[in-house]
Each structure stands twice: as C-alpha cells, then as structure tokens.
Amino acid sequence: MDKFRMIFQFFQSNQESFMNGICGIMALASTQMYSAFDFNCPCLPHYNLAYGLGILLVPPFILFLLGFVLNNNISMLAEEWRRPQGRRGKDPSVLRYMFCSMAQRAMIAPAVWVSVTLLDGKCITCAFCTSVPVQTLGNASHPHLSQGEVQRVLARIPCKDIYNGQQLIANEVAVRYLRCISQALGWCFVLLMTTLAFLVRSLRPCFSQAAFLKSRYWSHYIDIERKLFDETCAEHARSFAKVCIQQFFEGMSTDLVAARCHLPRKAPADAREAAEKLLGITDQSTMNMALKSWHRCKPPLNLHPPALPTGNGWAGEGQPPTHPSAPRRETAAYYSWV
C-alpha cells in the first residue's frame with residue numbers, strides 16, 4: 001500500500017509526471033481493450049480488408065485524440081496561441097515545444113495498440129487473406145474454380161469453421177504464413193519506435209540544449225502562471241462572496257432592528273480580512289475589466305515595478321522604469337564646550 005501511495009504522490013508532483021502516469025494508464029488500458037475485444041472477421045472478399053485495417057488504424061486514432069483530450073495543457077496551448085499580442089510576445093518555440101510534448105505522450109497508447117495488434121496477427125490475417133500466394137503454398141491447378149470463386153474461398157481463411165478450401169490451400173498454412181508476416185511487421189514497428197525515441201532523447205541535447213531548456217522553462221512558467229491566476233481569482237471570488245453575504249445579513253439585521261426586533265449583533269472577525277483580499281475590486285464591471293485586461297494585455301515578463309492599470313490597458317507604456325532616488329546624505333556636527 002505504501003508503494004502505491006508513493007507512486008501516486010510521484011504522479012502528483014508536477015504536470016509532466018501526472019501526464020506520464022495518464023499515458024501509462026492509457027497504454028495499459030489499450031492492451032486490456034484489445035484482449036477483451038471480440039475479433040470477428042466478416043470473411044467476405046470486399047469487407048475483410050476494410051475490417052482488418054479499420055481495427056488496426058481506427059482505435060489508435062481515437063486513443064491519440066483521447067490523449068490530447070486528457071492532457072490539461074491543450075487548453076493552455078490553444079489559449080496562448082489565440083490570445084492577442086498585448087504587452088507580452090508569443091514565443092513560437094515555446095508553443096512548438098508544448099505541442100510536441102503533448103503529441104509524444106499522446107502517441108504512446110496508439111503505438112502500444114498497433115504493436116499488440118501486429119504481434120497478434122488477426123488483423124493482417126483478415127485483411128490480406130485474399131493475397132495469399134496460392135501458386136507457392138497451395139494447389140493453383142485446382143479445377144472447376146474461377147478467379148472470383150478462389151477469392152471467396154481465400155476470404156474464409158480467418159473463419160476456420162466455415163473454410164472449405166483445403167484442396168486449394170490448407171488453412172493452417174495460410175494462417176501461419178500471414179501471422180509470420182504480421183509479427184515481423186510488429187517487431188519492425190517496435191524497433192522503429194524504440195529507435196526514434198532513443199534518437200530524440202540522445203541527440204536533442206547535442207544540438208539545441210539551450211533552446212530546449214528555454215522552451216521547457218517558459219512552458220512550465222505558463223502552466224504555473226495559469227494555476228496561480230486561477231487560484232487568485234478563486235480566492236477573490238470567495239472573498240467577494242463572503243463580503244456580499246455579510247452585507248446582506250447586516251442589512252437584514254438592520255431591518256429587523258428597525259422593526260423593533262432586537263437581535264444581538266456581533267461584528268465578524270474576518271470581515272476586514274475578506275475586504276482586504278478584494279484588492280480594491282469591489283464590483284462586477286471592474287472585475288470583468290480586469291479579466292479582459294489579463295487576456296488582452298498580459299504584463300511583460302520583467303520584475304520592474306508594475307505600472308498602474310488604466311481602462312483595458314496599462315499606464316506608463318513606452319516609458320522607462322522609474323528607479324528609486326538615491327538616499328540623501330546626512331551630516332552630523334558635534335560641539336564641545338571648553
């Protein structure tokens with residue numbers, strides 16, 4: 001139990017660990033889905049190819065989209081890409097890093113599905129059973145069979161219970177031939193994915209380590225900034241609601257006192273604290289203006305003293321930052337009586 005708790009805490013440590021855990025769970029879920037899937041080839045010449053390739057390619061595409069949907073950074077990437085320029089520039093390298101990072105994680109579950117499907121061999125057997133070389137593996141000179149009839153017989157190879165072409169080609173021979181080809185493709189796919197992952201991990205620091213660190217840092221900054229902004233807005237909304245409710249009950253208490261219903265009144269201890277958290281934003285229109293200003297005119301990424309907001313923009317734009325004046329030198333004079 002302690003090990004599972006440690007793993008869960010590791011997944012919650014940061015955004016990347018959390019998304020890696022989600023992708024690992026999706027990869028395991030894809031294998032369980034394939035093992036629980038009831039594969040039924042239609043065994044018809046014109047439907048086997050569509051069914052086999054559909055099972056091979058459509059679920060990976062759905063898992064790829066699902067990986068993007070479960071990634072919390074997709075909304076952050078879209079917001080950063082579509083927001084106005086404002087007072088903060090948009091770095092294309094940071095957006096590209098965020099998209100590539102999400103795409104790499106979203107590709108894990110589809111790659112597992114394709115690998116398991118190819119290694120199992122049912123899809124390739126169903127899709128390409130009509131392409132078995134009868135001249136090499138069977139009896140191509142079987143009489144009384146036209147080309148269309150041969151195709152119909154070969155299409156029943158995946159369905160062993162209704163296959164009736166043992167004189168043309170043995171069912172076990174055709175299935176083993178197609179399964180060997182499918183497993184070879186599966187191992188080649190696994191080797192290709194492993195090689196690509198190795199090259200990306202090992203060669204990227206050799207060429208663009210500084211750019212990679214910069215993009216990774218600012219992508220983390222955008223994520224943390226968004227979380228802090230949401231927390232600040234939630235705290236402001238809580239304080240705003242608390243002050244509104246307190247004012248409502250104070251007004252009701254005043255009305256009851258005016259109606260000669262004497263009730264004990266006790267000032268809330270946290271009223272001043274809740275009012276201080278409002279930061280001067282005490283009505284709906286001002287708050288809406290602040291939210292629009294954050295979206296349109298995000299402050300630049302520097303640590304100079306902030307300019308005062310005016311309207312939907314910011315005051316002091318284009319002016320150099322003001323520096324504090326130098327401390328005034330004071331001189332002390334000492335007098336002695338002789």
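Biologist: Which residues does His 236 touch, not counting residues up to four places away in sequence?

Modeller: This is a predicted model, in which local features need pLDDT of at least 70 and side-chain atom pairs count only at pLDDT 80 or more, while totals for chains, interfaces and linings use all residues. Residues are numbered from 1 along each chain as its sequence is written, and side-chain values use heavy atoms, with hydrogens and water left out. His 236 is placed in helix α10 (residues 171-258), where helices (H or I, at least four residues) and strands (E, at least two) are DSSP runs numbered from the N terminus. With contact meaning heavy atoms within 4.5 Å, the residues that His 236 touches are Lys 277, Leu 278, Ile 281 and Met 287.

Biologist: Is His 236 buried or exposed?

Modeller: Buried means under 20% relative accessible area, exposed over 50%, and partly exposed in between (1.4 Å probe, protein chains only). His 236 has a relative accessibility of 8%, so it counts as buried.

Biologist: How many disulfides does a search of the whole structure find?

Modeller: A disulfide is a pair of cysteine sulfur atoms within 2.5 Å. Cys 41 and Cys 126 form one, with their sulfur atoms 2.0 Å apart, and Cys 43 is joined to Cys 159 at an S to S distance of 1.6 Å. For the whole structure, the search finds 2.

Biologist: How many residues apart in sequence are the parts that Cys 41 and Cys 126 tie together?

Modeller: The link of Cys 41 and Cys 126 is right-handed, with 75° about the S-S bond. Cys 41 lies in the loop between α2 (15-36) and α3 (48-70), whereas Cys 126 lies in helix α7, so the parts tied together are separated in sequence by 85 residues.

Biologist: Which pairing results from numbering the bonded cysteines of the chain in sequence order?

Modeller: Cys 43 lies in the loop between α2 and α3 and Cys 159 in the loop between α9 (147-154) and α10, so this pair ties together parts that are 116 residues apart in sequence. Both Cys 43 and Cys 159 are buried, as are Cys 41 and Cys 126. In sequence order, the pairing is 1-3, 2-4.

Biologist: Which residues form one aromatic cluster?

Modeller: Rings of Phe, Tyr and Trp (its six-membered ring) pair if their centres lie within 6.5 Å; planes under 30 degrees apart count as stacked, over 60 as edge-to-face and the rest as tilted. The whole structure has 10 aromatic pairs; among them, Phe 37 and Phe 39 are edge-to-face, at 6.5 Å centre to centre and 70° between the planes. Phe 37 is partly exposed at 35% relative accessible area, whereas Phe 39 is buried at 16%. The cluster consists of Phe 37, Phe 39 and Tyr 51.

Biologist: Which element of the chain has the lowest mean pLDDT?

Modeller: pLDDT is the predictor's confidence in each residue, from 0 to 100. The chain averages 79, and 76% of the residues score at least 70. Over residues 314-338 pLDDT stays under 50, and the model has 13 contacts beyond four places in sequence for them. Helix α7 (residues 122-127) has the highest mean, 93, and the lowest, 50, belongs to strand β2 (residues 313-314).
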